[in-house]
Amino acid sequence: MAQHFLLTSAARTLTLASVARMSDEEAERVFIRLRWADNDGEAFCPHCGCPTVYMARRPNGAPRWRCKACRKDFSVTSGTLFAFHKMPLRSYLMAVAIFMNEVKGKSMLALSRDLGTQYKIAFVLAHKIREALAAEVRQTAIGGEGKRAEVDGGYFGGYVKPANRRENRVDRRLRQNQTGKRKVVVVIRERNGGTLPGVFRTEADALSFIRRNVPASTEMYADEAGSWNALHAGYTLHRINHQEAYSLPGGIYTNNAESFFSRMRRAEIGHHHHVAGPYLLRFAQEAAWREDHRREANGSQVDRVVALAMRNKPSVDFCGYWQRSRTA
Ligand SMILES: [Zn+2]
């Protein structure tokens with residue numbers, strides 16, 4: 001039998017040691033190559049688009065360009081997700097490499113130890129990386145003529161701790177005993193295609209999200225949950241009752257959607273412990289990206305994520321995150 005791709009040397013194209021050994025200039029060149037990839041790696045002005053720019057380094061040697069046309073200055077991260085960066089670029093490359101080398105997720109406390117930074121810095125950095133992943137995941141096109149897609153839901157967050165004494169314990173399945181923070185992640189996963197998650201209060205709330213993102217010509221697969229009955233109107237929908245079987249002949253299963261939840265659940269249990277509130281969607285999008293790119297070499301994953309970060313605007317949610325009185 002052929003060796004699994006992830007066990008081959010082709011899957012390991014970047015080592016942390018090689019990133020750590022990079023000089024400032026080398027790390028800089030990586031960012032320049034990825035930011036201006038569509039301009040042969042040549043810098044141009046992000047303010048006015050003028051290609052005539054010249055290097056005007058900061059007194060500390062950090063790279064900075066000046067535009068001949070509008071006279072404005074910019075750095076390699078100006079106007080990107082990593083704008084206003086405080087650490088050397090090498091540390092950002094290191095953070096992306098550490099983040100992508102994990103398979104389920106990365107504990108932000110562990111990331112702060114790896115990078116030797118405060119927890120706050122690692123927290124914001126990890127969320128900016130997730131933001132880059134999310135930008136790609138949101139664009140995922142699903143289904144169409146001759147395509148098959150699976151849909152499934154999984155509940156996350158809103159943990160209610162059982163009371164110490166048995167006589168004080170309540171039935172945590174009842175709505176009045178829950179916190180209201182528990183949400184369902186609904187995923188649409190095309191077979192041999194992309195993965196698109198969303199976060200909702202109930203599975204039934206996800207129906208319009210599914211209809212909006214999946215063309216009617218797509219063959220759909222779902223489990224026995226009553227919430228999906230409504231999809232019979234509008235789609236060819238195959239059902240699998242998991243109490244009877246996990247897979248039936250003719251490709252009737254939702255195993256691809258289950259794989260996504262398996263990865264996400266392990267990220268919750270193994271790294272994040274509590275996933276709820278506004279970040280749940282980010283974690284779901286991270287899991288979707290990891291699923292869709294799981295068979296790529298780690299070096300190309302890192303390149304791809306840095307390129308995504310360079311294409312995205314400064315983070316609305318995480319710029320100056322700790323300087324605010326209210327969280328994102
Ligand atoms: Zn300019």
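The model is predicted, so local features need pLDDT of at least 70, side-chain atom pairs count only at pLDDT 80 or more, and totals for chains, interfaces and linings use all residues. Residues are numbered from 1 along each chain as its sequence is written, and side-chain values use heavy atoms, with hydrogens and water left out.

Let's start with helix 7, residues 255-272. (Helices are DSSP runs of H or I with at least four residues, strands are runs of E with at least two, and both are numbered from the N terminus.) Its 18 residues reach 24 Å from first C-alpha to last, close to the expected 26 Å; that expected span is 1.5 Å times one less than the number of residues.

Which residues of helix 7 are buried? They are Ala 257, Phe 260, Phe 261, Arg 263, Met 264, Ala 267, Glu 268 and His 272. Buried means under 20% relative accessible area, exposed over 50%, and partly exposed in between, using a 1.4 Å probe and protein chains only. These residues cover an arc of only 155° around the axis, which puts them on the same side of helix 7. The arc is taken from the directions from the helix axis to the C-beta atoms.

Now for the sheet: an open one of five strands, in the order 6-5-4-7-8, with mixed pairing. Two strands pair if DSSP finds at least two bridges between them. Strand 6 and strand 8 (236-240) are the edges, each pairing on one side only. Strand 4 and strand 7 (residues 219-223) run parallel and are joined by three bridges. Ala 149 stands opposite Met 220 in strand 7.

Contact means heavy atoms within 4.5 Å; axes are lines fitted to C-alpha atoms, for helices over the stretch in contact, and angles run from 0 to 180 degrees between N-to-C directions.

| Helix | Strands touched | Angle |
|---|---|---|
| Helix 7 | strand 4, strand 5, strand 6 | about 30° with strand 4 |
| Helix 8 | strand 4, strand 5, strand 6 | about 165° with strand 6 |

Finally, the cores. A nonpolar core is a set of buried Ala, Val, Leu, Ile, Met, Phe, Trp, Tyr and Cys residues joined through side-chain atoms within 4.5 Å. The largest has 64 residues, and Phe 31, Phe 260 and Met 264 have the most contacts inside it. Helix 3 (residues 89-101) gives the largest share of this core, 10 residues.
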